Amino acid sequence: MLLQNVEQYVEKLIPKRQELIEEMEAYAKEHHVPIMELIGVETLLQILRLHQPKHILEIGTAIAYSSIRMTHALPEARVVTVERNEERYQKAQEFIERAGKQDKIVSLFGDALELRDEIERHGPYDAVFIDAAKGQYQRFFEHYEPMLSSKGMIISDNVLFKGHVATDLVEVETRRRRSLIKKIQAYNTWLMNHPDYYTTILPIGDGIAISIKRGDQE
């Protein structure tokens, strides 16, 4: 991950966001809602600008910060986003309405692993963005990669988990955290060795993995 002074320097270079977006950032900080770090989300948006997906599936809405920003960056795109926390889901609905994105964002309430049929009805997808329960990443990937279009990509956030994936597990204090770190490490190894995808992990923000289909190139 970026050194802190370099990260702060880059953040200062990022242009001022829209008033609503900055309000969402402040709300997330105050209420401890996990949203993408600023450099991470800017990287995500640039990747999507290059890829130009028309249909995006987001696993983990939180307060709709990422989905609103994606629709700002890609005006032609439509986002289907899933959230299981009712309080965050309701807050996301409020922000989506205030942003005027009701026609661009389909917000679903429930567990992403239990809404497969409903999610599939909105597909196929040109991009899947995974940003939910880190211990379930492989299941999310396996559930939804069949819904990708032929040139689709899957982006996984938080794959470096604040750098904890590179620490000695002996130094980790709680069993629960050790278990989560092991699951993220296992996911990264599985992802990097997936026979059907090329994957790159970027040490940006909290770690972003970009997986694209191999196709018939090999």
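Okay, housekeeping. What you see is a predicted model, where local features need pLDDT of at least 70 and side-chain atom pairs count only at pLDDT 80 or more, while totals for chains, interfaces and linings use all residues. Residues are numbered from 1 along each chain as its sequence is written, and side-chain values use heavy atoms, with hydrogens and water left out.

Let's start with the sheet. It's an open one, seven strands in the order 3-2-1-4-5-7-6, with mixed pairing. Strands here are DSSP E runs of at least two residues, helices are H or I runs of at least four, and both are numbered from the N terminus. Two strands pair if DSSP finds at least two bridges between them. At the edges sit strand 3 (105-109) and strand 6 (197-202), each pairing on one side only. From one strand to the next, the twist averages 15 degrees.

Now look at strand 6 with strand 7 (residues 208-213): they pair in the antiparallel sense over six bridges. Leu 202 stands opposite Ile 208 in strand 7.

What packs on this sheet? Helix 8 (residues 175-192), for one, touching strand 4 (125-130), strand 5 (148-157), strand 6 and strand 7; touching, or contact, means heavy atoms within 4.5 Å. The direction of helix 8 makes about 135 degrees with that of strand 6. For angles, axes are lines fitted to C-alpha atoms, for helices over the stretch in contact, and values run from 0 to 180 degrees between N-to-C directions.

On to helix against helix. Helix 2 (residues 19-31) and helix 4 (residues 65-73) pack at about 160 degrees, axes 11 Å apart. So helix 2 is roughly antiparallel to helix 4, the label for angles over 145 degrees. Who makes the contact? Ile 21, Met 24 and Glu 25 from helix 2, and Tyr 65, Ile 68, Arg 69 and His 72 from helix 4.

Keep your eye on Arg 69. Its side chain meets that of Glu 42 in a salt bridge, 2.9 Å from N to O; the cut-off is a Lys or Arg side-chain nitrogen within 4 Å of an Asp or Glu carboxyl oxygen. That pair links distant parts of the chain, with Arg 69 in helix 4 and Glu 42 in helix 3 (residues 38-51), 27 residues apart. The whole structure has six salt bridges.

Last pair: helix 7 (residues 137-144) and helix 8 pack at about 35 degrees, with axes 9 Å apart. Tyr 137, Gln 138, Phe 141 and Glu 142 of helix 7 meet Tyr 187, Trp 190 and Leu 191 of helix 8.

Conventions:
Parallel < 35°, antiparallel > 145°, perpendicular 65-115°, else oblique.
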